[in-house]
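Welcome! Take a look at the picture, then follow the points below.

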Amino acid sequence: MNCSKISYCISEYIDNRLDVSTKRIVDNHLKKCKKCRSLYEEMLELRGLFMVKAYERPKAEYFENLKSNIKRRILSCNVVSLKDRFFNALSTPSIALSACLAVALIASITVNVMFYDKIQQNIQTAGENLKNNITQLASEKSDSNIYSNPQNFNRNLLRPANISGSYMITPITVRDVQAKRAKIYY
Amino acid sequence: MALLDDEKKIIKECQRGNAESFYILLDRYKERVYSLAYQMIGDHTSADDVTQEVFIRAYKGLPKFMGKCSFFTWLYRITINCSYRYLRKNMTFLKKVTNEIDPAMYLDERLKHKFSVNSPYKTLEMKETMEVLSQSIDKLPVKHKTVLVMFEFQGLSIQDISEILKTSPGTVKSRLHHARLKVRNSMIDVLNYDKNKKRFSKKNAVNYN
């Protein structure tokens with residue numbers, strides 16, 4: 001073994017971690033080599049100094065403050081703030097669902113209240129349109145052969161507005177055309 | 001290191017939400033955690049901060065503690081990580097502070113008695129050597145310093161250190177050796193001072209005779 005390997009072993013030698021055979025080798029080397037012996041002695045001295053330094057103890061009063069501080073901080077950890085508690089509650093699914101429904105309900109109520117006049121007006125106009133439609137249909141019904149006349153083919157395709165306010169496309173039955181199709185949808 | 005039976009009960013109670021049983025653990029380990037943090041950082045107020053941080057983290061993380069290693073290993077790992085973080089954050093601040101601290105201030109009374117041998121000169125000498133020692137330990141790289149502090153000052157075994165740092169025992173041994181070599185190289189004057197003095201006194205003695 002050369003000196004560099006021995007120097008690593010010296011550290012182990014000091015801590016008593018070497019097996020018997022290696023210990024003997026190191027012992028023999030230390031007797032011969034002056035450099036390694038001085039290293040060994042210095043290491044031993046250093047170990048003594050470390051042992052002295054290991055006795056450094058902080059004063060007991062430090063721990064009194066420490067414990068009370070830690071206790072206070074742990075207690076403050078346990079007290080969850082109102083904001084956190086609110087958001088924690090929201091994370092459970094049943095509460096989240098009911099919250100969503102509540103929000104939707106509130107939104108619909110506010111819309112109804114704010115646009116009450118407009119909605120009423122719309123409903124009234126829709127009702128009038130329906131009335132007109134019905135009267136028109138009743139008048140047209142007397143004219144029984146109306147669809148058979150090609151001149152009247154497109155006459156009633158677009159009816160006036162129904163309740164939804166748009167024009168409905170109605171199916172028309174065509175009787176006189178030779179084609180086999182019974183209905184034509186526009 | 002296996003989990004102690006006594007601690008198992010305490011930890012189970014803590015995990016149920018009993019803060020009182022955590023204080024038992026706090027009482028048991030606060031001194032060790034504090035001294036480790038102090039030796040890693042070298043400043044009392046910082047060590048105080050780090051110790052508080054460690055226990056708060058431990059309290060918060062206790063539900064995640066599975067019991068695979070001992071509580072003490074787990075706590076030491078937290079301490080080491082916290083002090084690394086603290087050192088990284090406050091590097092510039094600590095460089096100014098560490099030199100002002102008197103390292104031999106809290107020496108144990110018995111030890112003081114043993115080393116001083118009732119002579120003020122020797123206590124002063126001891127103080128100076130301790131100062132140089134702590135300075136040279138501060139200069140070490142963090143990894144070497146950690147191993148040195150845990151082995152020499154905390155009295156942990158190589159196996160425990162390797163568990164705490166999550167490395168192999170061989171790595172721990174080599175780091176320890178390199179740390180010792182570095183400290184020895186930076187303290188070589190102080191270490192040889194005694195020898196030189198002895199030689200000098202011997203020479204004097206010979207001359208006088």
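From the N terminus on, the elements of chain A run α-α-α-α-α-α-α-β-β. That pattern is made of seven helices and two strands. In chain B the order from the N terminus is α-α-α-α-α-α-α-α-α-α-α, with 11 helices and zero strands. Please keep in mind that this is a predicted model.

**The two chains in numbers**

- Chain A has 186 residues, and 25% of them are buried.
- Chain B has 209 residues, and buried residues make up 49% of them.
- Now look at contacts between residues with a separation of 6 or more: in chain A, 37% of these contacts join residues 24 or more positions apart.
- For chain B, the share of such contacts that comes from residues 24 or more positions apart is 65%.
- The accessible surface of chain A is about 14100 Å², and carbon and sulfur atoms supply 59% of it.
- Chain B has an accessible surface of about 11500 Å², with 53% belonging to carbon and sulfur atoms.

**A nonpolar patch on chain A**

- Which residues form a nonpolar patch on the surface? They are A:Val111, A:Met114, A:Phe115, A:Ile119 and A:Ile123, and together they have about 500 Å² of accessible area.
- Two elements of chain A each give two or more residues to this nonpolar patch: helix H6 (93-114) and helix H7 (116-141).
- Is A:Met114 buried or exposed? Its relative accessible area is 66%, so A:Met114 counts as exposed, because the cut-off for exposed is over 50%.

**Salt bridges**

- Over all chains, a search of the whole structure finds 13 salt bridges.
- One of them joins the side chains of A:Arg47 and A:Asp15, with an N to O distance of 3.4 Å.
- Where do these two partners sit? A:Arg47 belongs to helix H3 (residues 34-54) of chain A, while A:Asp15 is in the loop between helix H1 (3-14) and helix H2 (20-32) of chain A, so the pair ties together parts that are 32 residues apart in sequence.
- A:Arg47 counts as partly exposed at 26% relative accessibility, whereas A:Asp15 counts as buried at 13%.
- Another salt bridge links A:Lys67 with B:Asp27, and their closest N and O atoms are 2.9 Å apart.
- This pair crosses between chains: A:Lys67 is in helix H4 (residues 60-78) of chain A, and B:Asp27 is in helix H2 (residues 19-41) of chain B.
- B:Asp27 counts as partly exposed, with 36% relative accessibility.
- In chain B, B:Asp138 and B:Lys145 form a salt bridge with their closest N and O atoms 3.4 Å apart.
- B:Asp138 is partly exposed at 32% relative accessibility, but B:Lys145 is buried, with a relative accessible area of 6%.
- Salt bridges that share partners also join A:Glu12, A:Asp15, A:Arg17, A:Arg47, B:Glu152 and B:Arg180 into one network.

- Which residues of helix H1 (residues 5-15) of chain B are buried? They are B:Glu7, B:Ile10, B:Ile11 and B:Cys14.
- The buried residues of H1(B) pack against H2 and helix H4 (71-89) of chain B.
- B:Asp5, B:Lys9 and B:Lys12 are exposed on the other side of H1(B).
- Just after H1(B) comes B:Gly17, which takes a positive phi of about 110°.

- Helix H3 (residues 44-61) of chain B has 18 residues.
- From its first C-alpha to its last, H3(B) reaches 25 Å, close to the 26 Å expected at 1.5 Å a residue.
- How many of the 18 residues of H3(B) are buried? The count is 13, so H3(B) is largely enclosed by the rest of the structure.

Notes: Residues numbered from 1 in each chain as written. Chains lettered and ligands numbered in written order. Predicted model: local features only at pLDDT ≥ 70, side-chain atom pairs only at ≥ 80, totals over all residues. Heavy atoms only, no water. Patch = residues over 30% accessible without salt bridge, like charges linked within 9 Å, V, L, I, M, F, W, Y side chains within 5 Å. Areas by Shrake-Rupley, 256 points an atom, 1.4 Å probe, with all protein chains shown as cover. Salt bridge = Lys/Arg side-chain N within 4 Å of Asp/Glu carboxyl O. Helix = DSSP H or I, 4+ residues; strand = E, 2+ residues; numbered from the N terminus. Buried < 20%, exposed > 50% of the residue type's maximum accessible area, 1.4 Å probe, protein only. Contact = heavy atoms within 4.5 Å. Expected span 1.5 Å × (residues − 1).
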